[in-house]
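The following exercises ask the reader to trace contacts and geometry in a structural model. Each task is followed by a solution in steps.

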Amino acid sequence: MKVFSSEYTFDYSWEECSTANWRKYCPWNNKSTHVIAVDTLSREVDPATGILRTERLITCHQQAPAWVISLLGGSNTSHVYETSYVSPSDKRVTMCSTNLTWANILQVRETVTYQPDLTASSPGHERTQFTQDAKITAVCGGWQKIRTKIEEASVERFSENAKRGREGFEAVLEMSRRVFGEERAKEQAKLH
């Protein structure tokens, strides 16, 4: 098993990040064009805790080499199952995802959190701490050396994708701030 970890601080409030998270795979994000569809399977609020729990199926166009697809079967479409928890009282978003496609060969378990960065925030300039951890395990048969190579290559690719994902989410956050600001200005103008 190999582990990928990263941390990043967004110059946006937790409220902005937790709201924009639902639009992460929209047309404003030119870094996530591989995402074909995001289907919400279930969504419910726990009446005791106020935590919003959502299950989603994310469908992607994968860039697997043709020889891999012909050897292992399948297609250029892959699926990821995601469960997220939004706790407004704790100001914490936790997202857990796992690959469904080729899970019998390679298992990827990712956990992402967004929470206020209290050390770097100041009044009027709130920031959000983003953490991302992934455990990548090759479960295919064969020699350990082959499994290790598969895991190492997967971690490298995961790292590249994570960087693009952060860049794309920054674009979504920027556009969200601008659009919501314009809408607030229109509403204020109506009141005067």
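**Exercise 1.** Determine how exposed Arg177 is, and identify the salt bridge that Arg177 forms with Glu16.

*Solution.* Step 1: Arg177 has a relative accessible area of 39% and is therefore partly exposed; buried means under 20% relative accessible area, exposed over 50%, and partly exposed in between, with a 1.4 Å probe and protein chains only. The model is a predicted one, in which local features need pLDDT of at least 70 and side-chain atom pairs count only at pLDDT 80 or more, whereas totals for chains, interfaces and linings use all residues. Residues are numbered from 1 along each chain as its sequence is written, and side-chain values use heavy atoms, with hydrogens and water left out.

Step 1: The closest N and O atoms of Arg177 and Glu16 are 2.8 Å apart, and the two residues form a salt bridge, that is, a side-chain nitrogen of Lys or Arg within 4 Å of a carboxyl oxygen of Asp or Glu. Arg177 belongs to helix H3 (residues 144–191) and Glu16 to helix H1, so this pair ties together parts that are 161 residues apart in sequence. Helices (H or I, at least four residues) and strands (E, at least two) are DSSP runs, numbered from the N terminus.

Step 2: Glu16, with a relative accessible area of 25%, is likewise classed as partly exposed.

**Exercise 2.** Which parts of the chain are tied together by the salt bridge between Lys31 and Glu167, and which residues does the network comprise?

*Solution.* Step 1: For Lys31 and Glu167, the closest N and O atoms of the salt bridge are 3.4 Å apart. Lys31 is in the loop between H1 and S2, while Glu167 is in helix H3, so the pair ties together parts that are 136 residues apart in sequence.

Step 1: Lys31 is partly exposed at a relative accessible area of 35%, and Glu167 is partly exposed at 32%. Through salt bridges that share partners, Lys31, Lys163 and Glu167 are joined into one network.

Step 2: In the whole structure, a search finds nine salt bridges.

**Exercise 3.** Describe the setting of Lys91, including its salt bridge partner and its backbone angle.

*Solution.* Step 1: The side chain of Lys91 meets that of Glu15 in a salt bridge of 2.7 Å, N to O. This pair links distant parts of the chain, 76 residues apart: Lys91 is in the loop between strand S4 (77–87) and strand S5 (92–99), and Glu15 is in helix H1 (residues 14–20).

Step 1: Relative accessibility is 32% for Lys91, which counts as partly exposed; Glu15, at 33%, also counts as partly exposed.

Step 2: The phi of Lys91 is near 50°, a positive value in a residue other than glycine. Most residues other than glycine have a negative phi. Trp102 also has a positive phi, near 60°, and is placed in the loop between S5 and S6.

**Exercise 4.** Glu151 has no salt bridge; which side chain of opposite charge is nearest?

*Solution.* Step 1: Glu151 is found in helix H3 and is buried.

Step 1: The nearest side chain of opposite charge is Lys2, 5.1 Å away; here Lys and Arg count as positive and Asp and Glu as negative, while His and the chain ends are not counted.

Step 2: A polar atom of the Glu151 side chain lies 3.2 Å from the backbone nitrogen of Met1. Leaving aside residues up to four places away in sequence, Glu151 touches Met1, Lys2, Ile136, Thr137 and Ala138, where contact means heavy atoms within 4.5 Å.

Notes:
A polar contact is a pair of N or O atoms within 3.5 Å; within protein, one must be able to donate a hydrogen and the other to accept it, and residues adjacent in sequence count only if both atoms are side-chain atoms.
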